[in-house]
Amino acid sequence: MPYKSVALILALIGAPVAAQAGDSMLETFDNHPQTRWRFFADTVMGGVSSGQVVFKTDGGQAYAHLSGTVSTQNNGGFIQIRHQLDEAVPSDAVGVRLIVRGNDQDYFVHLRTRGTVLPWQYYQGQFHVTAEWREIRLPFTQFKASGKLLRTTPRPQDLKSVAIVAFGRNYEAAIDVKEVGFY
């Protein structure tokens, strides 16, 4: 079985996998990440979710800590941090790579592309966090479009933003993100 296939299987079951030569780093949360990442909540559309992002360092490792209360009242249901992409994603990228930990809950990556022109359009990939740091690899083929007018699978060359999102149900969110990139 090729190395990439083994790495993908290990990542999907939660086993740690070292970064590979083809990985492209987007963010390590060093050097003023607050200038690159913005916090959003459903309050922009009348929802009542609340939260914050705090950029921290622990043992010399920088990370983003997204926390808050996600509420589906008033047609809401999300908090997120989003990064607008200034540079093109490598055209041979096949997915998103994260190093995360958190409160044993499900979270999402939302991708926006040149084709997601309306505020409620995105591609969504789901992942689960535990209390331990671990690598997550989400293939673009596993992202789901938020509507029928979008392509089935996002193309790396069309990506405009990446977001880490607590979404879709009532719960307390607490997720730490140490790395965001593509593979």
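Helices (H or I, at least four residues) and strands (E, at least two) are DSSP runs, numbered from the N terminus. With that in hand, welcome to a predicted model, in which local features need pLDDT of at least 70 and side-chain atom pairs count only at pLDDT 80 or more, while totals for chains, interfaces and linings use all residues. Residues are numbered from 1 along each chain as its sequence is written, and side-chain values use heavy atoms, with hydrogens and water left out. The protein chain holds 1 helix and 12 strands.

**The whole chain**
- Starting at the N terminus, the order of elements is α-β-β-β-β-β-β-β-β-β-β-β-β.
- Of the 183 residues in the protein chain, 47% are buried (under 20% relative accessible area; exposed is over 50% and partly exposed is in between, with a 1.4 Å probe and protein chains only).
- Among contacts (heavy atoms within 4.5 Å) with a separation of 6 or more, 72% link residues 24 or more positions apart.
- The chain has an accessible surface of about 9500 Å², and carbon and sulfur atoms account for 52% of that surface (Shrake-Rupley method with a 1.4 Å probe; for residues, only the protein chains shown count as cover).

**The open sheet**
- An open sheet is built from 6 strands in the order S2-S5-S11-S7-S8-S10, with antiparallel pairing (two strands pair if DSSP finds at least two bridges between them).
- Strand S2 (37-41) and strand S10 (144-145) are its edge strands, each pairing on one side only.
- S2 runs antiparallel to strand S5 (residues 78-84), and 5 bridges join the two.
- Across that pairing, Phe-40 stands opposite Gln-80 in S5.

**The largest pocket**
- The largest pocket has a volume of about 420 Å³.
- A pocket here is an open set of points on a 1 Å grid over the protein atoms alone, where a 1.4 Å probe fits, with protein on both sides within 12 Å along at least five of seven lines; lining residues have an atom within 4 Å of a point.
- Its lining has 17 residues, and those closest to the pocket centre are Met-45, Phe-78, Gln-80, Pro-119 and Trp-120.
- S5, strand S7 (106-113) and strand S11 (159-167) each give two or more residues to this lining, and S5 gives the most, with 3 residues.
- By residue type, the lining divides into 9 nonpolar, 6 polar and 2 charged (Ala, Val, Leu, Ile, Met, Phe, Trp, Tyr, Cys and Pro count as nonpolar, Asp, Glu, Lys and Arg as charged, and the others, Gly among them, as polar).

- S9 is largely enclosed by the rest of the structure, because 6 of its 6 residues are buried.
- Arg-134, Ile-136 and Leu-138 point one way from S9, whereas Glu-135, Arg-137 and Pro-139 point the other way.
- In a regular strand the side chains alternate between the two faces of the sheet.
- Strand S6 (residues 95-102) is antiparallel to S9, with 6 bridges between them, and Leu-98 has Ile-136 as its bridge partner in S9.
- Trp-133 sits in the loop between strand S8 (123-128) and strand S9 (134-139), and is partly exposed at a relative accessible area of 27%.
- Beyond its neighbours within four places in sequence, Trp-133 is in contact with residues including Tyr-63, Ile-99, Arg-101 and Asp-176.
- Trp-133 and Ile-99 are 34 residues apart in sequence, with a C-alpha to C-alpha distance of 6.4 Å.
- Thr-141, in the loop between S9 and S10, is exposed with a relative accessible area of 63%.
- The C-alpha atoms of Thr-141 and Val-94 are 8.0 Å apart, while 47 residues separate the two in sequence.

Technical notes:
Points joined across faces, edges and corners; volume = space filled by probe spheres on them.
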